[in-house]
Amino acid sequence: MRGERASRIACSFLRGIATTLSLLLLTSYLSPLTAQTWNTPETLALVTRAVERRLAVQADTSLTSYRTRAHGFVFFLAQVGEGLTEPPRLVKADELDVEVYWQAPDRSKQVILGWRDSTFLPTDINYHRDHLGIVTNNFGNVIRIGEGDEVRDVAHPLSPAGLDAYDFALTDSAAIRSAEGEVTVYQIQVRPRSFAQPLVVGTLYLDVATAELVRFRFSFTPASYLDRQLEDISVVLENALYEHRYWLPYRQEIEIRRRATWLDFPARGIIRGRWEIGDYELNADVPDSLFTGAPIAGLLQPRKPDSTWSEPLGQAISGVAQPVNRQDMEALRVEVERIAASRVLAGLPRTRLAAGSLNDLAHVNRVEGLTVGFGGVIGLRGSRIALRPSVAYGTSDDRLTGSLVASWSTGPTELSLSASRRVRDFSDLPVIAPLLNSILAQEGGKDHGDYVLLHTVGAGIRHRLSGRTSVTVDVAVEESRSVTTMASPATGSYRANPALGSGSYRVARLGVERGSGGIAMGHDLQARLLLEGGEGAADYGRVAAVGGWTIGLGGSELLARAYLGVGTDALPPHRSFVLGGRGTLVGEPYRAYGGRSAGLAHLEWRFEVPAPAFSLGSFASTGRRATIAPFVALGYAGRSIAGLPWTETDGIRPVAGIAVEWLMRLIRLEVGIGLRDGGVGVTLDVNRDWWGLL
């Protein structure tokens, strides 16, 4: 009776929280933004003053030239996984030292004096030359990026043509910090009068005293993008006051995101640049002959090796990574989406084929056999509503599965309605790359999933509280059915699939997630908490928490992972917990332990050692370093469920072992020993960072 009462209390409590949060998020989402009055006489007068000031600065004879140094990093990153919510992985990093010359009225020259790079994953990327330098004049009257191949001849809002091309709204005044202290600015939002034109969307920050441009944060309309693979480009330009008179480049950031044009697939390439400019020499003697030739001269490729730098590149990346990760490109995208209202700013086609992973296109398991599928995304014209249908067919069980999701997003909030029929592994903890599981299942009868058929109709809200933290609320009606082994492998035989079907439940879930901080973080904490309640034949409550912690130790690091799951006595089989063997406790029997509660802790010490490098042609090499990671893990499962093949652990199950990662950490080999029974386990897999793609 106590268990049933606890389940009812948990369900009621969760329903109350989910309802309250949903109403709050919906109210926030649907309520109109602070009313903006566009193109008031006062605002247009201020903008006209700023345009005239820019023209006056160009004609100012008191500043005829300058010489300065720019120090910057250009990162190439890859972001993968369902929903593209995980932080991107660092693929390549370049550090540059550039000498910059400017001469009135609009001549500039940049010379790359120092350039070094390092590759962390195989790539053969080559950058446009202007990605390796800075913007010397706030883009002038027209904006060009990627040497004109990405964006070309977009009118600047403060150009003479900008007054006719844009709407302006004065939103606030604020004090911001600059190189020479605090300055008070007007914030003016900018949007195109026609979103069908190649123009910008963003915010101008004008000095209250002079109307000069202090900061400019912006993105572009879809018509601006000349490269069809461009998803979006975000830019932040910040100027600083020198000699109490001249506003000159101080800090600049740019992020260019690309995806495939014909397939909506969870893989994104990102170029992210960050520059700091200083050590100005004003009215320097700059010979006219310097400005001949290419605008960006000097080194044509990185120097290898290069001993002119004061610290190793890895240390320099760590020093700049925290500001780069904290920088507000995500907030900028939210900001410009709000300014654009219902207009879509992404440059990609609105209607495409779609797949959440390679596994969605084709996979093999013992229930469905070979299963093929495809999906699509259909963006409704003139709105942020997208429809995502998908369908799949299992050749062994002759079962048709699929889903339909309708989503509506703006700013940090996304609403969704969904209906689905799918066969899925019931466990919270992924244990193998899906592509590898399909190969092992087909060829050797080694299927690492335990499957249940789910019919679901639901609604959800996801809201980003910050760049790293989000909250989700979902309500659904779910029916779970048991499925049996129907396929046959090429060799060997499959084990039976357990009976996990539990009938129909009305379910509410509340989730809070803190994502990873990003690249080269010395210390990082990520975690996810999920509260769940269900009403059905018997009400149940469920709590699951997973977290990861990384701490740098000089040339090595400690990595800790933990998982905890607890359910009430009425927890249905398909929401129970399981562990053991591959992916959890290497050295113990596979999925030998489970029940209504479970816990798992993993700690490893990671360090690099020299390794032979093998060329992969122009693409890259296997890398000259391998990662060694001794580890220990502890597992516990209790309150087993009758009829399921896993049992309680009878206390803690400890394992110890060692892992080796190579091919730039793409491949991971683990060897573990169960310390209670002496069992040995060996696994070889793709690094789990890439499982979401496979």
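**Note on the predicted model**

1. The protein exposes about 31,000 Å², and carbon and sulfur atoms supply 57% of that area. The structure under review is a predicted model. Of its 694 residues, 51% count as buried.

2. As to secondary structure, the protein contains seven helices and 33 strands. Its radius of gyration is 28 Å, close to the 26 Å given by the globule rule for 694 residues, so the protein is as compact as a globular protein of that length. The C-alpha trace spans about 85 × 60 × 45 Å along the principal axes.

3. Contacts between residues at a separation of 6 or more were also examined: 63% of them in this protein come from residues 24 or more positions apart.

4. Charged side chains number 72 positive and 74 negative, and 4 Å separates the centres of the two sets.

5. One point of backbone geometry concerns Ala104 and Pro105, which are joined by a cis peptide bond with omega of about 0°. Pro105 is located in the loop between β2 (89-103) and β3 (107-119).

6. Asn138 is not a glycine, yet its phi is positive, at about 55°. This residue sits in the loop between β3 and β4 (142-145). Asn138 has 15% relative accessibility, and buried means under 20%, so Asn138 counts as buried.

7. Arg639, likewise a residue other than glycine, has a positive phi near 55°. Its position is in the loop between β30 (625-638) and β31 (653-662). With a relative accessible area of 29%, Arg639 is partly exposed, whereas Asn138 is buried.

How values were computed
Residues numbered from 1 in each chain as written. Predicted model: local features only at pLDDT ≥ 70, side-chain atom pairs only at ≥ 80, totals over all residues. Heavy atoms only, no water. Helix = DSSP H or I, 4+ residues; strand = E, 2+ residues; numbered from the N terminus. Rg over C-alpha atoms; globule rule 2.2 N^0.38 Å. Buried < 20%, exposed > 50% of the residue type's maximum accessible area, 1.4 Å probe, protein only. Contact = heavy atoms within 4.5 Å. Areas by Shrake-Rupley, 256 points an atom, 1.4 Å probe, with all protein chains shown as cover. Lys, Arg positive; Asp, Glu negative; His and termini not counted. Charge placed at Lys NZ, Arg CZ, Asp CG, Glu CD.
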